[in-house]
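Here are my notes on the model you sent. Please read them with the structure open.

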Amino acid sequence: MTTTTSADTPASAYRITPATPVGYQLMGVKKKAAIQLMGSRLWGRFNPNHWDPVYAAETGLKAPIQTGEMSSAYIAEMCVNHFGADFFRNARVVCKYVASTLANEVITTHGVVREKTPKGKGYRFTVDIWADNEAGEKKTVGWVEVDVGV
(Lines give C-alpha, C1' and ligand atoms only; values in the text may rest on other atoms or scores of the structure.)
Protein backbone atom coordinates (compact mmCIF):
# COMPACT_ATOMS: atom_id res chain seq x y z
CA MET A 1 0.00 0.00 0.00
CA THR A 2 1.30 3.40 -0.91
CA THR A 3 0.41 6.40 1.23
CA THR A 4 0.90 10.01 0.28
CA THR A 5 0.32 12.99 2.46
CA SER A 6 2.51 15.96 2.92
CA ALA A 7 4.92 14.18 5.26
CA ASP A 8 7.31 17.13 5.17
CA THR A 9 4.60 19.51 6.36
CA PRO A 10 4.13 19.72 10.13
CA ALA A 11 0.64 18.80 11.32
CA SER A 12 0.16 22.28 12.77
CA ALA A 13 0.23 23.67 9.22
CA TYR A 14 -3.06 21.97 8.31
CA ARG A 15 -4.65 21.15 11.68
CA ILE A 16 -8.22 22.40 11.94
CA THR A 17 -8.61 25.04 14.65
CA PRO A 18 -11.52 27.24 15.76
CA ALA A 19 -10.25 29.79 13.20
CA THR A 20 -10.61 27.39 10.25
CA PRO A 21 -13.19 28.76 7.78
CA VAL A 22 -16.12 27.06 6.07
CA GLY A 23 -14.92 25.92 2.64
CA TYR A 24 -11.49 24.82 3.92
CA GLN A 25 -10.27 21.80 1.93
CA LEU A 26 -8.62 18.97 3.82
CA MET A 27 -5.38 17.54 2.46
CA GLY A 28 -6.27 13.99 1.46
CA VAL A 29 -4.35 10.76 1.61
CA LYS A 30 -3.64 8.60 -1.41
CA LYS A 31 -3.52 4.80 -1.20
CA LYS A 32 -3.19 1.97 -3.68
CA ALA A 33 -5.66 -0.87 -3.14
CA ALA A 34 -2.97 -3.54 -2.79
CA ILE A 35 -4.30 -7.05 -3.19
CA GLN A 36 -1.80 -8.28 -0.60
CA LEU A 37 -3.54 -6.21 2.08
CA MET A 38 -7.00 -6.95 0.76
CA GLY A 39 -6.33 -10.64 1.42
CA SER A 40 -5.06 -10.20 4.97
CA ARG A 41 -7.11 -11.56 7.85
CA LEU A 42 -7.54 -8.02 9.10
CA TRP A 43 -9.25 -6.75 5.95
CA GLY A 44 -11.17 -9.52 4.25
CA ARG A 45 -9.56 -12.93 4.16
CA PHE A 46 -12.90 -14.56 4.92
CA ASN A 47 -14.31 -13.64 1.49
CA PRO A 48 -12.34 -14.58 -1.66
CA ASN A 49 -14.01 -11.70 -3.55
CA HIS A 50 -11.53 -9.51 -1.67
CA TRP A 51 -8.32 -11.33 -2.64
CA ASP A 52 -8.75 -14.04 -5.29
CA PRO A 53 -8.78 -12.74 -8.90
CA VAL A 54 -10.14 -16.04 -10.31
CA TYR A 55 -12.97 -16.25 -7.79
CA ALA A 56 -13.80 -12.56 -8.27
CA ALA A 57 -14.00 -13.06 -12.06
CA GLU A 58 -16.26 -16.09 -11.58
CA THR A 59 -18.66 -13.92 -9.57
CA GLY A 60 -18.74 -11.24 -12.28
CA LEU A 61 -16.21 -8.77 -10.85
CA LYS A 62 -13.48 -7.14 -12.96
CA ALA A 63 -11.01 -7.70 -10.09
CA PRO A 64 -11.07 -8.40 -6.35
CA ILE A 65 -12.78 -5.62 -4.43
CA GLN A 66 -11.48 -3.81 -1.40
CA THR A 67 -13.53 -4.02 1.81
CA GLY A 68 -15.46 -0.94 2.87
CA GLU A 69 -13.47 -0.85 6.10
CA MET A 70 -10.33 -0.04 4.11
CA SER A 71 -11.93 3.06 2.55
CA SER A 72 -13.18 4.08 5.99
CA ALA A 73 -9.65 3.71 7.35
CA TYR A 74 -8.28 6.02 4.63
CA ILE A 75 -10.90 8.64 5.46
CA ALA A 76 -10.23 8.26 9.20
CA GLU A 77 -6.50 8.77 8.58
CA MET A 78 -7.22 12.03 6.75
CA CYS A 79 -9.47 13.16 9.61
CA VAL A 80 -6.90 12.32 12.29
CA ASN A 81 -4.31 14.28 10.30
CA HIS A 82 -6.57 17.34 10.43
CA PHE A 83 -8.39 17.02 13.75
CA GLY A 84 -5.80 15.19 15.86
CA ALA A 85 -7.11 13.95 19.20
CA ASP A 86 -10.38 15.86 18.71
CA PHE A 87 -11.37 13.20 16.18
CA PHE A 88 -11.49 10.66 19.05
CA ARG A 89 -13.76 12.75 21.32
CA ASN A 90 -17.48 12.95 20.55
CA ALA A 91 -16.95 12.82 16.76
CA ARG A 92 -19.45 11.31 14.37
CA VAL A 93 -18.64 9.65 11.04
CA VAL A 94 -21.29 8.73 8.45
CA CYS A 95 -20.16 6.93 5.28
CA LYS A 96 -21.87 5.22 2.39
CA TYR A 97 -20.02 2.93 0.00
CA VAL A 98 -21.34 3.88 -3.44
CA ALA A 99 -19.03 1.88 -5.73
CA SER A 100 -16.53 -0.95 -5.38
CA THR A 101 -12.83 -0.21 -5.12
CA LEU A 102 -10.97 -2.67 -7.33
CA ALA A 103 -7.54 -4.15 -6.67
CA ASN A 104 -4.73 -1.81 -7.76
CA GLU A 105 -6.93 1.29 -7.99
CA VAL A 106 -5.39 4.39 -6.43
CA ILE A 107 -7.81 5.98 -4.01
CA THR A 108 -7.60 9.58 -2.78
CA THR A 109 -9.59 11.00 0.12
CA HIS A 110 -11.09 14.48 0.15
CA GLY A 111 -12.85 16.71 2.64
CA VAL A 112 -14.38 20.20 2.66
CA VAL A 113 -15.64 22.04 5.73
CA ARG A 114 -19.35 22.52 5.08
CA GLU A 115 -20.49 23.95 8.40
CA LYS A 116 -19.05 25.48 11.56
CA THR A 117 -21.48 25.69 14.48
CA PRO A 118 -20.57 27.47 17.75
CA LYS A 119 -20.37 25.05 20.66
CA GLY A 120 -19.01 25.90 24.09
CA LYS A 121 -15.70 27.72 23.67
CA GLY A 122 -15.17 26.29 20.19
CA TYR A 123 -17.05 24.89 17.23
CA ARG A 124 -18.60 21.72 15.90
CA PHE A 125 -17.27 21.28 12.36
CA THR A 126 -19.20 19.36 9.73
CA VAL A 127 -16.99 18.17 6.89
CA ASP A 128 -18.16 16.54 3.66
CA ILE A 129 -15.86 13.60 2.93
CA TRP A 130 -15.36 11.28 -0.01
CA ALA A 131 -12.88 8.89 -1.58
CA ASP A 132 -12.43 8.54 -5.33
CA ASN A 133 -10.19 6.76 -7.81
CA GLU A 134 -7.81 8.24 -10.36
CA ALA A 135 -10.68 8.63 -12.86
CA GLY A 136 -12.59 10.74 -10.32
CA GLU A 137 -15.20 8.04 -9.69
CA LYS A 138 -16.50 8.36 -6.13
CA LYS A 139 -16.26 5.16 -4.12
CA THR A 140 -17.23 6.34 -0.62
CA VAL A 141 -19.16 9.46 0.38
CA GLY A 142 -20.30 10.92 3.68
CA TRP A 143 -19.60 13.48 6.36
CA VAL A 144 -17.97 13.84 9.75
CA GLU A 145 -18.74 16.07 12.73
CA VAL A 146 -15.95 16.98 15.11
CA ASP A 147 -15.78 19.36 18.11
CA VAL A 148 -12.74 21.65 18.08
CA GLY A 149 -11.82 23.89 20.99
CA VAL A 150 -14.90 22.86 22.96
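This is a predicted model: local features need pLDDT of at least 70, side-chain atom pairs count only at pLDDT 80 or more; totals for chains, interfaces and linings use all residues.

1. Start with T140. T140 sits in strand β7, which spans residues 138-148. T140 counts as buried because its relative accessibility is 0%, and the cut-off for buried is under 20%. Beyond its neighbours within four places in sequence, T140 contacts S71, I75, C95, K96, Y97, V98, I129, W130 and A131.

2. Now the salt bridges. The whole structure holds seven. One of them pairs D86 with R89, with the closest N and O atoms 2.7 Å apart. D86 is buried at 17% relative accessible area. R89 is partly exposed at 47%.

3. Next, E105 and K139. Their side chains form a salt bridge, 3.3 Å from N to O. E105 lies in the loop between β4 (92-97) and β5 (106-119), while K139 is in strand β7, so the pair ties together parts 34 residues apart in sequence. Both E105 and K139 are buried.

4. E145 belongs to strand β7 and R124 to strand β6 (residues 122-132), so the bridge links distant parts of the chain, 21 residues apart. E145 has a relative accessible area of 18% and is buried. R124 is buried as well, at 15%.

5. Which residues do salt bridges with shared partners join into one network? They are K119, R124, E145 and D147.

Notes. Residues are numbered from 1 along each chain as its sequence is written. Side-chain values use heavy atoms; hydrogens and water are left out. Helices (H or I, at least four residues) and strands (E, at least two) are DSSP runs, numbered from the N terminus. Buried means under 20% relative accessible area, exposed over 50%, partly exposed in between (1.4 Å probe, protein chains only). Contact means heavy atoms within 4.5 Å. A salt bridge is a side-chain nitrogen of Lys or Arg within 4 Å of a carboxyl oxygen of Asp or Glu.
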